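This report covers a residue at a helix position, a loop residue and a pair of packed helices. The sequence and structure come first.

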Amino acid sequence: MKFVVDAHLPRSLCGILSSHGHEAVHTLDLPAGNATSDEAINRISLDDLRVVISKDTDFFFSHTLHGRPWKLLLVKTGNMSTRELCALLERNLPAIESALESCTLVEIDRLAVKPVA
């Protein structure tokens, strides 16, 4: 799978995804960096068939109302350390991969991965 990790999440998530055979880019790696607009991220997602990973509920509304981004992993953990977040993602990666195979919207919180739509 291919991913784009939004600005509010650590770049280290890309390393975890890459170590598991995925292609991942952080907004810091894009030409506009963390100033990349949501619309530009949506376009990248649609053009490259990338899953957006974000905490930003604007992506949730855009996805449910307009089908943008292509697929969304919405992180709903509240504040947690980078180390904890990376461990949570890595521990739940098989469930995330499985959910994203059949769903376009998946949520992850501290307790579970939840396929939504």
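## Ser102

Ser102 is placed in helix H4 (helices are DSSP runs of H or I with at least four residues, strands runs of E with at least two, numbered from the N terminus). With a relative accessible area of 63%, Ser102 is exposed (over 50%; buried is under 20%, partly exposed in between, with a 1.4 Å probe and protein chains only). From Ser102 to Ala117 the C-alpha distance is 8.6 Å, at a separation of 15 residues in sequence.

## Basis of the model

This is a predicted model, in which local features need pLDDT of at least 70 and side-chain atom pairs count only at pLDDT 80 or more, while totals for chains, interfaces and linings use all residues. Residues are numbered from 1 along each chain as its sequence is written, and side-chain values use heavy atoms, without hydrogens and water.

## Thr36

Thr36 sits in the loop between strand S2 (23–26) and helix H2 (38–48). Its relative accessibility is 12%, so Thr36 counts as buried. A polar atom of the Thr36 side chain lies 2.5 Å from the backbone oxygen of Gly33. Beyond neighbours within four places in sequence, Thr36 is in contact (heavy atoms within 4.5 Å) with Thr27, Leu30 and Ile41.

## Packing of H1 and H4

Helix H1 (residues 12–19) packs on helix H4 (residues 82–102) at an angle of about 25°, with the axes 10 Å apart. H1 and H4 are therefore roughly parallel (angles under 35 degrees). The contact involves Ser12, Leu13, Ile16, Leu17 and Ser19 of H1, and Thr82, Leu85, Cys86, Leu89, Glu90 and Leu93 of H4.

Methods: Axes are lines fitted to C-alpha atoms, for helices over the stretch in contact, and angles run from 0 to 180 degrees between N-to-C directions. Angles under 35 degrees count as roughly parallel, over 145 as roughly antiparallel, 65 to 115 as roughly perpendicular and the rest as oblique. A polar contact is a pair of N or O atoms within 3.5 Å; within protein, one must be able to donate a hydrogen and the other to accept it, and residues adjacent in sequence count only if both atoms are side-chain atoms.
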